[in-house]
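Here's a quick tour of the charged pairs in this one. Take a look at the model first, then we'll go through who pairs with whom.

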Amino acid sequence: MAKYGGKLKELRAKSRELIPELLATSSKGTNQIFTEIRKKVPDLCDDKIICQCGRKLKKTPEWKHQIRWAIQDLKLKKVITRDIENKVYKIN
């Protein structure tokens with residue numbers, strides 16, 4: 001992540017705080033989480049920084065990738081779970 005700078009590291013940390021708050025009221029899908037976090041911290045969600053991981057050139061902004069990592073962090077800590085059938089995340 002060093003190639004992207006500190007803003008994205010900050011976004012991942014902030015997302016780990018925001019996601020449980022967002023899910024406290026209702027379950028949400030990944031795109032809903034992206035939208036809500038972007039509303040709350042728009043300065044950390046820069047579409048110009050494209051994800052460069054992997055071998056294939058992607059068109060996805062890195063900020064979305066960092067939110068996905070934050071979701072994984074929360075799943076590993078058993079703070080949230082994914083309802084596979086409904087394709088949403090919810091608080092454990």
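Predicted model: local features only at pLDDT ≥ 70, side-chain atom pairs only at ≥ 80, totals over all residues.

## Glu36 and Lys39

Glu36 is partly exposed, at 24% relative accessibility, while Lys39 counts as exposed at 60%. (Buried is under 20% relative accessible area, exposed is over 50%, and partly exposed is in between, using a 1.4 Å probe and protein chains only.) Their side chains meet in a salt bridge, 3.6 Å from N to O. That term covers a side-chain nitrogen of Lys or Arg within 4 Å of a carboxyl oxygen of Asp or Glu.

Lys39 and Glu36 sit 3 residues apart in helix α2 (residues 30–40), so about one helical turn separates them. Helices here are DSSP runs (H or I, at least four residues), numbered from the N terminus.

In the Arg12–Asp73 bridge, the closest N and O atoms are 3.0 Å apart. Arg12 is in helix α1 (residues 6–23) and Asp73 in helix α3 (residues 62–76), so this pair ties together parts 61 residues apart in sequence. Both Arg12 and Asp73 are buried.

## Lys14 and Glu17

Back in helix α1, Glu17 and Lys14 are 3 residues apart, about one helical turn. They form a salt bridge too, with 3.6 Å between the closest N and O atoms. Glu17 is partly exposed at 47% relative accessibility, and Lys14 is partly exposed at 31%.

Residues are numbered from 1 along each chain as its sequence is written, and side-chain values use heavy atoms, leaving out hydrogens and water.

Notes:
Helix = DSSP H or I, 4+ residues; strand = E, 2+ residues; numbered from the N terminus.
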